[in-house]
Amino acid sequence: MRRLLILIVASFTLAAGVQTDSASSIRIVGFNATGTLTWTNNASLGGLYAIEASPTLPGAWSALDGLSDIASTQAQVTVTVPVGNTNGPFYRVVWKDAPVADSAGDYSSTQGENGWFYGYSDTNNTFTLLPRYGGFINSFSAISTNWNLDGTNSWLLLDQFGGHPEGIICGRLTNTLSAVRRWVSTVAGTVQVSATLKDLDTGGGNGVAGSIVVDGVTVISRSIGDGGSTNFTTPAIVSVGSTVDCVLDAKNGDECYDYTLFRITIRP
Ligand SMILES: [Ca+2]
Ligand SMILES: [Ca+2]
């Protein structure tokens with residue numbers, strides 16, 4: 001799970017002493033004596049940020065005029081903060097619209113870590129955890145950083161950014177299985193689920209379908225052809241403990257050339 005991410009910046013007189021929240025994907029990459037502050041966010045292309053200042057650590061943080069709603073569409077942001085007697089000497093960047101879940105940023109080699117589980121479903125929609133991490137070697141996927149079913153005896157896998165479904169056409173298993181990345185909600189209410197779906201193996205095939213299924217009910221489903229891509233956002237109502245399944249299906253059992261980017265972020 002991902003919450004409000006905070007990063008503490010040492011004063012400009014100690015610019016080399018930048019401290020970073022270990023769970024944060026935000027990195028300060030520049031801060032100088034005139035107050036020019038630059039950070040990057042490797043979990044998101046853009047976001048809504050605030051700069052806050054404190055005279056002490058751990059801090060009595062207060063917002064700075066004109067720097068409490070910094071909207072950016074870029075992964076790297078530069079602002080000028082007022083460095084003077086009434087501010088600082090400590091500053092921090094607050095990511096105000098950080099997602100509660102990010103399939104890529106939260107990816108792990110441990111089932112359940114950060115609320116994510118890596119599995120698959122059959123035609124009866126029974127969810128089963130993938131049993132193996134590593135050992136799947138194929139030219140379309142990073143060698144050992146994926147969850148998979150049976151090494152090279154099945155096409156089924158999930159990696160940091162997407163995965164591959166199973167089917168009956170391209171010669172491994174003889175049944176169709178969807179690759180399912182499951183998030184178990186830590187929040188209640190309406191969330192916004194955003195996804196990017198992109199066929200990365202343009203060698204052929206009939207494309208894939210990507211669906212968001214909340215507590216067993218399909219909220220949205222999109223289909224793309226070979227080499228196709230789409231982005232979508234949908235509201236979904238969840239309870240604490242709800243399952244949000246990101247289902248990657250081969251389409252009509254044709255899993256040939258189906259390696260796919262399927263990245264999901266969930267915001268309150
Ligand atoms: Ca394809
Ligand atoms: Ca397909």
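Predicted model: local features only at pLDDT ≥ 70, side-chain atom pairs only at ≥ 80, totals over all residues.
1. The secondary structure of the protein chain consists of 22 strands and zero helices. Of its 268 residues, 38% count as buried, and among the contacts between residues at least 6 apart in sequence, 59% join residues at least 24 apart.

2. The largest nonpolar core holds 35 residues, and within this core Val-193, Ile-212, Val-244 and Ile-266 touch the most other members. Two or more residues each come from strands E10 (116-121), E14 (157-158), E16 (178-184), E17 (189-199), E18 (208-214), E20 (229-238), E21 (243-249) and E22 (260-267). In general, nonpolar side chains tend to be buried together in soluble globular proteins.

3. Which residues does Val-193 contact, leaving aside its neighbours within four places in sequence? The partners of Val-193 are Ile-212, Thr-233, Thr-234, Ala-236, Val-244, Ile-264 and Ile-266. Among these partners, Ile-212, Val-244 and Ile-266 are also named with Val-193 as the core residues that touch the most other members.

4. Six strands form an open sheet in the order E11-E10-E16-E21-E18-E19, and their pairing is antiparallel. The edges are strand E11 (127-129) and strand E19 (217-224), each of which pairs on one side only, while the twist from one strand to the next averages 25°.

5. At one edge of this sheet, E19 pairs with E18 in the antiparallel sense over seven bridges, and Gly-210 stands opposite Arg-222 in E19.

Note on methods:
Residues numbered from 1 in each chain as written. Chains lettered and ligands numbered in written order. Helix = DSSP H or I, 4+ residues; strand = E, 2+ residues; numbered from the N terminus. Buried ≥ 20, exposed ≤ 12 C-beta atoms within 10 Å, placed from the backbone. Contact = placed C-beta atoms within 7 Å. Core = buried A, V, L, I, M, F, W, Y, C linked by C-beta atoms within 7 Å. Pairing = 2+ DSSP bridges. Axes fitted to C-alpha atoms, helices over the stretch in contact; angles between N-to-C directions.
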